Amino acid sequence: MNEGAMQERIVLCRTPDEIQALLERFHMVLPSLKRGKAFRAAMAEKFFQHGKVVFIPEDGRAVGFAAFYCNDHVERKGYLSMIAVYPDMQGKGCGKELLTYVEFLSKKRVCSGGNAARKHDLRQKAGKCIG
């Protein structure tokens, strides 16, 4: 998938509430998120302050997401913290697409700081797709 198509399909979460809603949606899919609502709220705030969270919307719901840090500004490497794809969407390339996009963002200047990507004009469909 080319860069333009990825930017059209993959959405960047822009607020802690969007991130927390996404983590709530995936808490039964990803074992590390089963630690409780307070843990998910803390992770949402941490990702908002220091990382990035992206997801793939399809048919009005998030079907996969990745949370990562890209704080290696010299080599522009990303550090994946979480990735999950709903079971009914596994095997359809969603995970690969998310990983490719994480790598793309990690190499771009978009990842030059905690909230830098929020200043860029990436798609803002998050509120409609997380629920």
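These legends walk you through several close-up views of one predicted model.

In this predicted model, local features need pLDDT of at least 70 and side-chain atom pairs count only at pLDDT 80 or more, while totals for chains, interfaces and linings use all residues. Residues are numbered from 1 along each chain as its sequence is written, and side-chain values use heavy atoms, with hydrogens and water left out.

**View 1. The protein chain, element by element.** Read from the N terminus, the order is α-β-α-α-β-β-β-α-α. Of the 131 residues in the protein chain, 45% are buried; buried means under 20% relative accessible area, exposed over 50% and partly exposed in between, with a 1.4 Å probe and protein chains only. Contacts are heavy atoms within 4.5 Å. Among contacts between residues at least 6 apart in sequence, 65% join residues at least 24 apart.

**View 2. How confident is the predictor, and where is confidence lowest?** The pLDDT is the predictor's confidence in each residue, from 0 to 100. Its mean over the protein chain is 80, and 73% of the residues reach 70 or more. Confidence is highest in α2, at 96, and lowest in helix α5 (residues 126-129), at a mean of 38. Over residues 112-131 the pLDDT is below 50, and this stretch has 57 contacts in the model beyond near neighbours in sequence. Where pLDDT is low, the predicted coordinates should not be read in detail.

**View 3. F26 and its neighbours.** Look for F26 in the loop between α2 (16-25) and α3 (37-50). F26 counts as buried because its relative accessibility is 0%. Leaving aside residues up to four places away in sequence, F26 touches L33, A62, V63, G64, F65, A84, V85 and Y86. One of these, A84, is 58 residues from F26 in sequence, yet their C-alpha atoms are 7.5 Å apart in space.

**View 4. Rings that pair up.** Rings of Phe, Tyr and Trp (its six-membered ring) pair if their centres lie within 6.5 Å; planes under 30 degrees apart count as stacked, over 60 as edge-to-face and the rest as tilted. By this rule there are four aromatic pairs. The ring centres of F26 and Y86 are 4.9 Å apart with planes at 65°, so this pair is edge-to-face. The pair links distant parts of the chain, 60 residues apart, with Y86 in the loop between β4 (77-85) and α4 (94-107). Both F26 and Y86 are buried, and ring pairs link F26, F65 and Y86 into a cluster.

**View 5. Charges over rings.** A charge sits over a ring if NZ of Lys or CZ of Arg is within 6 Å of the ring centre and within 35 degrees of the ring normal. The charged end of R61 sits over the ring of Y86, 5.6 Å from its centre. For R35, the ring below the charged end is that of F39, with 4.6 Å to its centre.

**View 6. The two sides of α3.** Which residues of α3 are buried? They are R40, M43, A44, F47 and F48. These residues lie on the same side of α3, because they cover an arc of only 135° around the axis, taken from the directions from the helix axis to the C-beta atoms. On the other side of α3, A38 and H50 are exposed.

Conventions:
Helices (H or I, at least four residues) and strands (E, at least two) are DSSP runs, numbered from the N terminus.
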